[in-house]
Amino acid sequence: MKIVILTGAGMSAESGLRTFREMGGLWEEYDVMEVASPQGWHKDPELVMRFYNERRKQLMDCKPNAGHFGVAELEENFDVHIITQNVDNLHERAGSTKVLHLHGELMKCRSSIDETLVYDMDHWELKMGDLCNKGSQLRPHIVWFGEAVPAMEEAIPIVETADILVVIGTSLNVYPAAGLINYTRSGIPIYLIDPNKPDIPMNGINFIQEKAGKGVDILKEELLQKYR
Ligand code: OAD
């Protein structure tokens with residue numbers, strides 16, 4: 001049985017990483033177009049670099065939470081595919097083996113002239129003057145607003161072949177990622193875990209109104225009982 005899990009910032013909130021659109025969220029403190037768009041990068045690359053360096057530093061100091069571990073444990077009984085909007089690596093660190101990142105990865109950087117030149121990072125700081133093999137400035141490996149989301153091509157067939165869809169910790173505000181939930185075969189069970197009710201039609205959705213840690217626990221019990 002194939003379970004596809006779409007995750008967002010709420011998945012990592014209990015690890016201490018801030019979400020984007022809630023009170024106290026990152027987009028309250030920062031102007032998204034200044035730090036997460038190609039225009040922002042052209043205008044002030046150092047500011048963009050500092051923003052992602054800070055995110056990377058925080059990520060290296062935090063750990064996966066019970067939700068990440070719970071989702072990884074589902075692999076013992078199901079074919080689990082994670083499609084995440086998160087740029088952290090907490091799913092991988094919790095042991096999940098099939099993780100597709102829609103919006104890039106914090107622990108990678110890439111050439112600013114050739115997007116196929118991607119490098120792993122094992123330290124938090126990316127600096128002006130750090131260059132790719134072709135001699136151009138390295139930039140964070142993040143899909144910024146206004147850029148294409150190439151991983152959608154891989155994500156759509158994964159969702160189309162899901163037997164169960166689980167959505168965890170995303171406001172479903174950002175497209176094309178949010179549109180993925182419309183690619184499921186009709187009638188499959190859909191679960192949604194979030195302490196707050198997202199602004200979408202909820203008919204037919206099994207809503208578990210909890211934080212990720214507790215919510216995944218409830219989900220696991222239900223899935224094992226019904227579908228194992
Ligand atoms: P948002 O900040 O828009 O939404 C976070 C969701 O997590 C909300 O629905 C919260 O109610 C929920 N939440 C909060 N705490 C939670 C917890 N402990 N457990 C479970 N859920 C919780 O974040 P995303 O939907 O991920 O893109 O945002 C999507 C994209 O917008 C991000 O990938 C990022 C951002 O701009 C880029 O930067 C490219």
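Modeller: Let's begin with Glu147. Setting aside neighbours within four places in sequence, Glu147 is in contact with Pro38, Arg110, Arg139 and Ile142. Keep in mind that this is a predicted model.

Biologist: Where does Glu147 sit?
Modeller: Glu147 is in the loop between β6 and α7 (152-160).

Biologist: Is Glu147 buried or partly exposed?
Modeller: Partly exposed, because its relative accessibility is 22% and buried means under 20%.

Biologist: Which side chain makes a polar contact with that of Glu147?
Modeller: Arg139 does, at 3.0 Å. The side chain of Glu147 also has a polar atom 2.8 Å from the backbone nitrogen of Trp144.

Biologist: And what does the charged end of Arg139 sit over?
Modeller: The ring of Trp144, 3.8 Å from its centre.

Biologist: What lies over the face of Trp124?
Modeller: Lys57, at 4.4 Å from the ring centre.

Biologist: Let's talk rings. How many aromatic pairs are there in the whole structure?
Modeller: The search finds 6. One of them is Trp27 with Phe51. Their ring centres are 5.9 Å apart and the planes meet at 20 degrees, so this pair is stacked.

Biologist: Why does that pair tie together separate parts?
Modeller: Because Trp27 lies in helix α1 (residues 26-29) and Phe51 in helix α4 (residues 45-60), parts that are 24 residues apart in sequence. Trp27 and Phe51 are both buried.

Biologist: What kind of pair do Phe51 and Tyr52 form?
Modeller: An edge-to-face one. The centres are 4.9 Å apart, with 85 degrees between the planes. Phe51 has a relative accessible area of 3%, and Tyr52 counts as buried at 6%.

Biologist: Which residues form the aromatic cluster?
Modeller: Phe20, Trp27, Tyr30, Trp41, Phe51, Tyr52 and Trp144 form one cluster.

Biologist: Which residues of α4 are buried?
Modeller: Val48, Met49, Phe51, Tyr52, Asn53, Arg55, Arg56 and Leu59.

Biologist: And what covers them?
Modeller: The cover includes α1, α2 (32-35), α3 (38-43), α6 (90-94), β4 (104-111) and β6 (138-142).

Biologist: How far apart are Leu59 and Glu147?
Modeller: They are 24 Å apart in space, C-alpha to C-alpha, and 88 residues apart in sequence.

Biologist: New topic. How many disulfides are there?
Modeller: The whole-structure search finds 0. The closest cysteine sulfur to that of Cys109 is in Cys132, 9.4 Å away, so it is too far for a bond.

Biologist: Is Cys109 buried or exposed?
Modeller: Buried, with a relative accessible area of 4%. Cys132 counts as buried too, at 6% relative accessibility.

Biologist: What about the loop between β7 and β8? Where is its cis peptide bond?
Modeller: The bond from Tyr175 to Pro176 is cis, with omega near 10 degrees. Pro176 is in that loop.

Biologist: What is the phi of Leu172?
Modeller: It is near 55 degrees, a positive value in a residue other than glycine. Most residues other than glycine have a negative phi, and most peptide bonds are trans. Leu172 is in the loop between β7 and β8 and is buried at 8%.

Biologist: Where is Thr170?
Modeller: In the loop between β7 (164-168) and β8 (190-193). Thr170 counts as buried, at 8% relative accessibility. Its side chain makes a polar contact of 3.0 Å with the side chain of Gln85. Beyond neighbours within four places in sequence, Thr170 is in contact with Gly8, Gln85 and Asp194.

Biologist: Last stop: which helix holds Ala212?
Modeller: Helix α8 (residues 212-227). Ala212 is buried, with a relative accessible area of 5%.

Biologist: What does Ala212 touch?
Modeller: Gly10, Met11, Glu14, Gly67, Ile168 and Ile193, not counting residues up to four places away in sequence. The C-alpha atoms of Ala212 and Pro45 are separated by 34 Å.

Terms used
Residues are numbered from 1 along each chain as its sequence is written. This is a predicted model: local features need pLDDT of at least 70, side-chain atom pairs count only at pLDDT 80 or more; totals for chains, interfaces and linings use all residues. Side-chain values use heavy atoms; hydrogens and water are left out. Rings of Phe, Tyr and Trp (its six-membered ring) pair if their centres lie within 6.5 Å; planes under 30 degrees apart count as stacked, over 60 as edge-to-face and the rest as tilted. Helices (H or I, at least four residues) and strands (E, at least two) are DSSP runs, numbered from the N terminus. Buried means under 20% relative accessible area, exposed over 50%, partly exposed in between (1.4 Å probe, protein chains only). A charge sits over a ring if NZ of Lys or CZ of Arg is within 6 Å of the ring centre and within 35 degrees of the ring normal. Contact means heavy atoms within 4.5 Å. A polar contact is a pair of N or O atoms within 3.5 Å; within protein, one must be able to donate a hydrogen and the other to accept it, and residues adjacent in sequence count only if both atoms are side-chain atoms. A disulfide is a pair of cysteine sulfur atoms within 2.5 Å.
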